[in-house]
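Open the model in a viewer and follow the selections below in order. Each stop says what to select and what is there.

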Amino acid sequence: MHLVTAEEMRRLDRITIDRLGIPAAALMKNAGRAIAEEIIALCNRRGEAGTAGGPRQGGEAARDNGAPRNAGAWAAGGAHGEAAAPGAGGTRRAAARSGVRGDAAAGMAPRSGGNGGDGGDAGAAGITPRSSGPGGAAVTPPKLVISGDAALMTEHAESEHWLVLVGKGNNGGDGLVAARYLREAGIAVSLLYAVPPESLTGEAALQRDAAAAMGLPAAVHGGGGPDFAGYSGILDALLGTGAAGAPRGAYAELIAAANASGKPVVSADIPSGLDADTGETHEPCIQASLTVCLAFLKRGLLQYPGAGAAGRIVVRSIGIPAGLAREEGLSAYWLTPAVLEGVLGVDVSRRRAPDGHKGTYGHVLVAAGSLRMSGAGLLAARASLRAGCGLTTWAVPGKLLPLLVCAAPELMLADAGGEADGTWNASAAEEVLKLADGRDVLAIGPGIGRFEDDKAWLKAIWEGAECPLVVDADALNILAECDYGSWRQRRAPVILTPHPGEMARLAGVKTKEVQRDRTGLALSFARERGVTLVLKGAHTVIASPDGRVFVNTTGHPGMATGGAGDCLTGIIAGLLAQGLDGAQAAAFGVYLHGLAGERAALLRDDPASVIASDIIEAL
Ligand SMILES: NC(=O)C1=CN([C@@H]2O[C@H](COP(=O)(O)OP(=O)(O)OC[C@H]3O[C@@H](n4cnc5c(N)ncnc54)[C@H](OP(=O)(O)O)[C@@H]3O)[C@@H](O)[C@H]2O)[C@@H](O)CC1
Ligand SMILES: Nc1ncnc2c1ncn2[C@@H]1O[C@H](COP(=O)(O)OP(=O)(O)O)[C@@H](O)[C@H]1O
Ligand SMILES: [K+]
C-alpha cells in the first residue's frame, strides 16, 4: 500500500477530479459514507459487547434537539441537495496486529456492505436463488428482495449520540456527510462548528446546507471548554491534509476538550493536530481511538508520535483509483507481504530448492565483537544462520578465539588479529579483507567498540571488500566521522542500520531532528549517499538509493532490549548471502525481525522479559 504526503494526496485528488471527471462532491460523499460505516461498525461492536457508550446521560444534549452545550446556536439558511497478500504463514495476522487495515486499495476485499466506489446508495434489489428449507424441501424464495445497506444500519442506535466537530475545509465537509449517514442510521448526531458555518466554501458549504436542511442540530463553538458529557462518541472532522502548523483558536480548544472528555474519538482522515507528512503531533493533537484514513495512507500516520495519536487505522477507498499512485511514480510504501512480493520482488515463502545444499544459500562473514562485547558478534552471527544462509564465519580479535570455542556450534570462527587484550586495531582490516574474499556478504560493527585508527580500518574495508556490506553499531559511529563521500566508489551495495542516535551522528543533526521526520530524512540520506538505509526504532524506515522508501509495522516494544539490533544486522546479512539485493534484504530482514519479536513477546508472560536471543529463536 502506498504512503502519501499531503501534497501528493492533493495531486491525486486533482487528477481524479480533472482528468477522470469524478466530481469532488462524489469523493467527499464516499469519504463521509466510509467514515459513517466505520462509526456504525464501532457502535455495533460495542452494542453487541454490551458496552455501549452509555445512555444519553447528561440529558440535555439528547433531549433539547441535540444542540451542543456551551456553544452558540446556529441555524443554516437555504437547503441544497447533495451535489452531484502472502505465502508466509501469519503475515495477514501480522498486518492486523500492526493496527492498520486497508480495503480495496490495499488489494484486500472490501468489507461486506462497503461501497468503495462513487456509486449510489440504493439498497440491493435482486432475485434470490432457489434454496432448500428444513429437511431439504424446496422453498421458493420471494422473487424480489429489497435490503438496506447493512454497513449503514445498526440495532444499537438508541444508546448512541455522536458529536461531529466540523472544521472549515473539506475535512469538515467529510464530517458533515458522515453526520447525515449516521442520522439516517437512526443515531442521534449533533454538529459543533469550529468557525461560523458561513465561512465554509465549495463542497463543504453544500454539505453544511444539506445537513441543515435535514435538521441536524448545530452550534458554533463559543469559546471556553465545551461540555461533551452527553455524547457517546466524537467525530473529529476539524483538520485534515490542508492543516498548516499547530491548531489555532477554536480548533485548539475543541481538540483539547475532546481529548479531556474521555469519549472515543474517531478522526476523519488524520487526527487533527497531526502533521500528515512527518508524524509530528502539534500541541494539541487529537488522541483518536480510530482513524478512518481516506484514499491513501498518509505518511504521518505510520510514524510516532502520530501513529500513537491515530489509534486503530482503517484506510478506505473513496473512488480515487489506487493505480494512480503508481502511475504518478509515488514510491513510498507501507511494508506488507504484498509490497515485499509485488514491489520488491521478494519470495516471502522462502522456498528452499529440494536439491539445495549449504553452498546454495551463501556464506556470511561477520566481523564483530570484542572482549567486552563479544555477545554482540555472537548474536549477529547466529541470527544470520537463522535467516537461512548456508554458512557463517565469525571473525573476532584472535585473543578471544579460545574463549568462544563452541559458543555456537554451527558457527565457524576466524582470527581477525587485533590487540592482545582482545580489542580491534587498524591492521585487523587486512585480515578481515582476506577472510571476506570469496564470501557473499560482510557484516561489520556490532560490539567492535572504538579503537585507534578505526577510521583507517573502516576505509580499508569499505574500499576493499567486493561483497555487499552491512554496517552497524560502532562502525556507523566511525563512519559518521569520515569523509566517506571521497572514498573509492563501491560496486556492491552498502546497507547502514542506524538507530536514531547513530543516525543523528551520521546526518550531523540532533536525535530529535531525526525523529521529527524519519521517512523524509531516511529518503534524502539514502539518495544522497547512495546507500540502503535502515532507520531503526518502532516502525523502522527502509530507504533505498533509488528513491523507494518502506515503513515497517511489525515489531513489539519487547524488542527494546540490548542486542536486538545486532540480530537485525545478522538477519539482513543472511538474506543478502542468499542473493537478495540491498533493498530486498533490508526490507524483508526488518519485516522478519519484527515478526520474530512479536512471536518472542507472545511466548512470554511479560513481554518485558524478551531478550535478544529470544528474537533469534523465534525466527
Ligand atoms: N477532493 C478533495 O479535496 C478531497 C478532500 N478530502 C478531505 O479533505 C481534507 C483536506 O481538505 P482541505 O484541503 O480543505 O483542508 P482541511 O484540512 O480540511 O482544512 C484546512 C482549513 O483549515 C484551516 N486551517 C489550516 N491550518 C489550521 C490551523 N493550524 N489551525 C486552524 N485552522 C487551520 C484553513 O483555514 P484558514 O486558516 O486558511 O482560513 C483551511 O481552510 C482531507 O484531509 C480529507 O479529509 C477527502 O474528502 C477526499 C476528497
Ligand atoms: N518499541 C519497539 N517496537 C518495535 N521495534 C523496536 C522497538 N524498540 C526497539 N525495536 C527494534 O529493536 C532493535 C534495537 O536495535 P538497537 O537499538 O540497535 O539495539 P542494539 O544496539 O542493542 O542491538 C531495532 O531493530 C528496533 O527497530
Ligand atoms: K481530522
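**Stop 1: two packed helices**

Select helices α11 and α19, whose crossing is right-handed. The model is predicted, and what follows describes that prediction. Helix α11 covers residues 374–386, and its axis lies 7 Å from that of α19, at an angle of about 35°. On the α11 side, show A376, L379, A380, A381, R382, A383, S384 and L385. On the α19 side, show D566, C567, T569, G570, I571, A573 and G574. Coloured by class, this contact has 9 nonpolar, 4 polar and 2 charged residues.

**Stop 2: ligand 2**

The shell holds 18 residues, and A538, G555, A560, A564 and G565 come nearest. By class, 7 are nonpolar, 9 polar and 2 charged.

Next, select K536, G537, A538, H539, T540 and G565, which an unreviewed UniProt entry annotates as "binding site". These residues span 30 positions in sequence, yet no two of their C-alpha atoms are more than 13.7 Å apart, so they gather at one spot.

A538 sits in the loop between β23 (532–535) and β24 (541–543). Is A538 buried or partly exposed? A538 is partly exposed, with 17 other C-beta atoms within 10 Å. Setting aside neighbours within four places in sequence, A538 is in contact with Y304 and G555.

G565 belongs to helix α19. G565 counts as buried, having 25 C-beta neighbours inside 10 Å. Beyond four places in sequence, the contacts of G565 are D472, T497, H499 and K536; K536 is also among the annotated positions.

**Stop 3: the annotated domain**

Now select residues 341–619, the span that the unreviewed UniProt entry labels "domain: YjeF C-terminal". The end C-alpha atoms of this span lie 19 Å apart. The span is 41% helix and 13% strand.

Select helix α14 (residues 454–464) and show its side chains. The buried residues of α14 are D454, W457, L458, K459, I461 and W462.

The loop between β21 and α15 contains A473. A473 is not a glycine, but its phi is positive, at about 50°. A473 is buried, with 24 other C-beta atoms within 10 Å.

**Stop 4: ligand 1**

Move to ligand 1 and select the 27 residues around it; G169, N170, N171, G240 and G242 come nearest. Which elements give two or more residues to this shell? They are α2 (24–48) and α5 (170–184). The shell around ligand 1 has 13 nonpolar, 9 polar and 5 charged residues.

**Stop 5: K263 and its surroundings**

Select K263, in the loop between α7 (249–261) and β12 (265–268). K263 counts as partly exposed, with 19 C-beta neighbours inside 10 Å; the cut-off for buried is 20 or more. Leaving out residues up to four places away in sequence, K263 touches F228, Y231, G233 and I234. Draw a distance from K263 to G230: the C-alpha atoms are 9.9 Å apart, and the two residues are 33 apart in sequence.

**Stop 6: backbone exceptions**

Most residues other than glycine have a negative phi, and most peptide bonds are trans. The remaining selections depart from that pattern.

- E283 and P284 are joined by a cis peptide bond, with omega about 0°. P284 is in the loop between β12 and β13 (290–294).
- A295, in the loop between β13 and β14, has a positive phi near 75°. A295 is buried, with 27 other C-beta atoms within 10 Å.
- Y304 and P305 are also joined by a cis peptide bond, with omega about 5°. P305 is in the loop between β14 (297–298) and α8 (306–310).

**Last view: the whole protein**

Finally, show everything. The protein has 21 helices and 25 strands. Of its 619 residues, 54% count as buried.

Conventions: Residues are numbered from 1 along each chain as its sequence is written. Chains are lettered from A and ligands numbered from 1 in the order in which they are written. This is a predicted model: local features need pLDDT of at least 70, side-chain atom pairs count only at pLDDT 80 or more; totals for chains, interfaces and linings use all residues. A residue is near a molecule or strand if its C-beta atom, placed from the backbone, lies within 6 Å of it. Ala, Val, Leu, Ile, Met, Phe, Trp, Tyr, Cys and Pro count as nonpolar, Asp, Glu, Lys and Arg as charged, and the others, Gly among them, as polar. UniProt positions are given in the numbering used here, feature names are shortened, and annotations may be inferred rather than shown by experiment. Helices (H or I, at least four residues) and strands (E, at least two) are DSSP runs, numbered from the N terminus. A residue is buried if 20 or more other C-beta atoms lie within 10 Å of its own, exposed if 12 or fewer, and partly exposed in between; C-beta atoms are placed from the backbone. Two residues are in contact if their C-beta atoms, placed from the backbone, lie within 7 Å. Axes are lines fitted to C-alpha atoms, for helices over the stretch in contact, and angles run from 0 to 180 degrees between N-to-C directions. A crossing is left-handed if the near helix is turned anticlockwise from the far one by less than a right angle, and right-handed if clockwise.
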